[in-house]
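Work through the exercises below with the model open beside you. Try each task before you read its solution.

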Amino acid sequence: MQILRTILTAIFAIDCIALTVVVLMQEGKQQGLGGAISGAADSYWGKNKGRSMEGGLVKATTIMAVLFFVLAAVLNMNF
């Protein structure tokens, strides 16, 4: 059981570092005055945001956050 705990701890540490990097790579959600004037929501990238790199980062953040909470709960158990 100690080997499993060590492996899960290593995965948890890697997930923490990767989650931090992915969150820092994302752009801010507020576009400010420039986004309102240029009409960014009507552009091609605004309509297909889920398929862009930003959409991929959001999906990766969600998956890594879920993994973070699951591993934190599992590692908190006394086994």
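Residues are numbered from 1 along each chain as its sequence is written, and side-chain values use heavy atoms, with hydrogens and water left out.

**Exercise 1. Find where confidence in the chain is lowest and where it is highest.**

Step 1. Start with the mean. pLDDT is the predictor's confidence in each residue, from 0 to 100. The chain averages 83, and 72% of its residues reach 70 or more.

Step 2. Helix H2 (residues 32–38) is lowest, at a mean of 56. H1 is highest, at 96.

Step 3. Apply the caution. Where pLDDT is low, the predicted coordinates should not be read in detail.

**Exercise 2. Describe the fold pattern, then compare the span of H1 with the expected value.**

Step 1. Assign the elements. Helices (H or I, at least four residues) and strands (E, at least two) are DSSP runs, numbered from the N terminus. The chain has four helices and zero strands. Its pattern is α-α-α-α.

Step 2. Take the span. H1 covers residues 2–25, which is 24 residues, and reaches 35 Å from first to last C-alpha.

Step 3. Compare. The expected span is 1.5 Å times one less than the number of residues.

**Exercise 3. Which residues of H1 are buried, and what do they pack against?**

Step 1. Set the cut-offs. Buried means under 20% relative accessible area, exposed over 50%, and partly exposed in between (1.4 Å probe, protein chains only).

Step 2. List them. Leu8, Asp15, Leu19 and Val22 are the buried residues of H1.

Step 3. Find the partner. They pack against helix H4 (53–76).

**Exercise 4. Trace the aromatic cluster of Phe12, Phe68 and Phe69.**

Step 1. Set the rule. Rings of Phe, Tyr and Trp (its six-membered ring) pair if their centres lie within 6.5 Å; planes under 30 degrees apart count as stacked, over 60 as edge-to-face and the rest as tilted. The structure holds two such pairs.

Step 2. Phe12 and Phe68 are stacked, 5.1 Å centre to centre with 20° between the planes. Phe12 lies in H1 and Phe68 in H4, so the pair ties together parts 56 residues apart in sequence.

Step 3. Phe68 and Phe69 have centres 5.4 Å apart and planes at 85°, so this pair is edge-to-face.

Step 4. Phe68 is partly exposed at 25% relative accessibility. Phe69 is exposed at 58%.

Notes: Predicted model: local features only at pLDDT ≥ 70, side-chain atom pairs only at ≥ 80, totals over all residues. Contact = heavy atoms within 4.5 Å.
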